[in-house]
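Subject: Structure handover

Hello,

Here is the structure I said I would pass on. My notes on it follow below.

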Amino acid sequence: MNILILGNEEDIHAAHLKKSLTEKGITVDYLDTRLFPTKLKISWQPITHTGCLTFPDGRKWNLADINKIFWRTFAGVNVPKLTDSYQERIAVNDSMGLLRSFMRSKPDKWVNSWEAYEFHKEKPLQLSLANKIGVTIPATLITNNADEIFEFSQAFKDVIFKPVYGGSHTQLLTKEHLEINRMKLALSISPVTIQEFIPGTNIRSYVIGEKVYSAEIRSSSLDFREDKRAKLIYLETPEDIKEKCLAITKAFGLKWTGIDWRFKPNGDFVFLEANFSPMFLHFERETGCPITEDLIQLLTT
């Protein structure tokens, strides 16, 4: 059995999974796109849908012989700097065109797929689809219009804001943020996601195939990622939430994910987002949930 991990050994989750798979006698290597097109070679034929990877050391893996590919991190391509920026742009587009074709040619092999990756980047659509399948979401506005933000903020006692795409922490919206000149300057650079603040604690649920594991994240910070003292407390996932986790995973085209919820004092779960390639080692260590073993099973069956 041959398994690829999209990523590289510098990522502790990728390295951990590679070691765990190798210990079970499975052949594993990295698909490190930082080496493409300078050192990593890719070929693909549109008629036969066949292709191959040639690693920097000369080893060749045919696409047909790759059983599964685990998406950990994607670094794009690494085209050398050219003096002609136009030619460099063409080279990047050509490299990405072949890489995307190779990656999308066998979507069933991927955990998770390119299509799921693209959908993950559209967080507003993610919220909309979750709501459409019957999952509760916070009242949300995504905009670069200062007037609409001010109007939205007046409708709730507390409001938070965060990036549309991700990459930064959640913050409470204050009067200082609502200062009109400050808002207009910020919104002329990029839009923002504004949401009603949901009181309660954070829940992280991992879905691997048909299995669901959850833990409450106890933290004094608004965004628990800022709190090094945050505690993970294992939570037996309520049956209705398990069903929603599985429904979200299926609707989003995922085979595995980490779902973030707000757990209200009255016991309600409010969906925040589903992570495309979540970190899992800390959760596994703290809760004892066998995420690594379940991922190996998902990749080898």
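This is a predicted model: local features need pLDDT of at least 70, side-chain atom pairs count only at pLDDT 80 or more; totals for chains, interfaces and linings use all residues.

Backbone

His49 is found in the loop between strand S3 and strand S4 (50-54). Its phi is positive, near 55°, and the residue is not a glycine. Most residues other than glycine have a negative phi, and most peptide bonds are trans. His49 counts as partly exposed because its relative accessibility is 39%, and that class lies between the limits of 20% and 50%.

There are also cis peptide bonds to report. One runs from Phe36 to Pro37, with omega near 10°. Pro37 sits in the loop between strand S2 (27-31) and strand S3 (41-45). Another cis bond joins Val111 and Asn112, with omega about 5°. For Asn112 the place is the loop between strand S7 (110-111) and helix H3 (114-120).

Aromatic residues

The structure holds 20 aromatic pairs. One of them is Phe55 with Trp61, an edge-to-face pair with 5.5 Å from centre to centre and 85° between the planes. Both partners are buried: Phe55 has a relative accessibility of 5%, and Trp61 has a relative accessible area of 10%. Phe55 has a further neighbour in Arg59, which lies over the face of the ring at 4.5 Å from the ring centre.

Tyr206 and Trp256 make a stacked pair, because their planes are at 20° and planes under 30 degrees apart count as stacked. The ring centres of Tyr206 and Trp256 are 6.1 Å apart. This pair links distant parts of the chain, with Tyr206 in strand S12 (residues 201-208) and Trp256 in strand S15 (residues 256-263), 50 residues apart. Tyr206 is buried at 3% relative accessibility, and Trp256 is buried at 0%.

Ring pairs also link Trp71, Phe74, Trp110, Trp114, Tyr117 and Phe276 into a cluster.

In soluble globular proteins, nonpolar side chains tend to be buried together. Here the largest nonpolar core has 40 residues, and those that touch the most other members are Leu4, Leu53, Trp71, Ile248, Ile259, Trp261 and Phe271. Helix H2 (residues 85-104) gives the most to this core, with four residues. Another core, of 27 residues, lies apart from it; Val28, Ile217, Leu298 and Leu299 are among its members.

Second largest pocket

The second largest pocket holds about 330 Å³ of space. It is lined by 17 residues, and the closest to its centre are Phe161, His177, Ala186, Leu187 and Val192. Strand S9 (159-162), helix H6 (180-189) and strand S11 (192-196) each supply at least two residues of this lining. The largest share, four residues, comes from H6. By class, the lining has ten nonpolar, five polar and two charged residues.

Regards

Note on methods. Residues are numbered from 1 along each chain as its sequence is written. Side-chain values use heavy atoms; hydrogens and water are left out. Rings of Phe, Tyr and Trp (its six-membered ring) pair if their centres lie within 6.5 Å; planes under 30 degrees apart count as stacked, over 60 as edge-to-face and the rest as tilted. Buried means under 20% relative accessible area, exposed over 50%, partly exposed in between (1.4 Å probe, protein chains only). A charge sits over a ring if NZ of Lys or CZ of Arg is within 6 Å of the ring centre and within 35 degrees of the ring normal. A nonpolar core is a set of buried Ala, Val, Leu, Ile, Met, Phe, Trp, Tyr and Cys residues joined through side-chain atoms within 4.5 Å. On a 1 Å grid over the protein atoms alone, a cavity is a set of points where a 1.4 Å probe fits but cannot get out, and a pocket is an open set with protein on both sides within 12 Å along at least five of seven lines; lining residues have an atom within 4 Å of a point. Grid points are joined across faces, edges and corners, and a volume is the space filled by probe spheres set on the points. Ala, Val, Leu, Ile, Met, Phe, Trp, Tyr, Cys and Pro count as nonpolar, Asp, Glu, Lys and Arg as charged, and the others, Gly among them, as polar.
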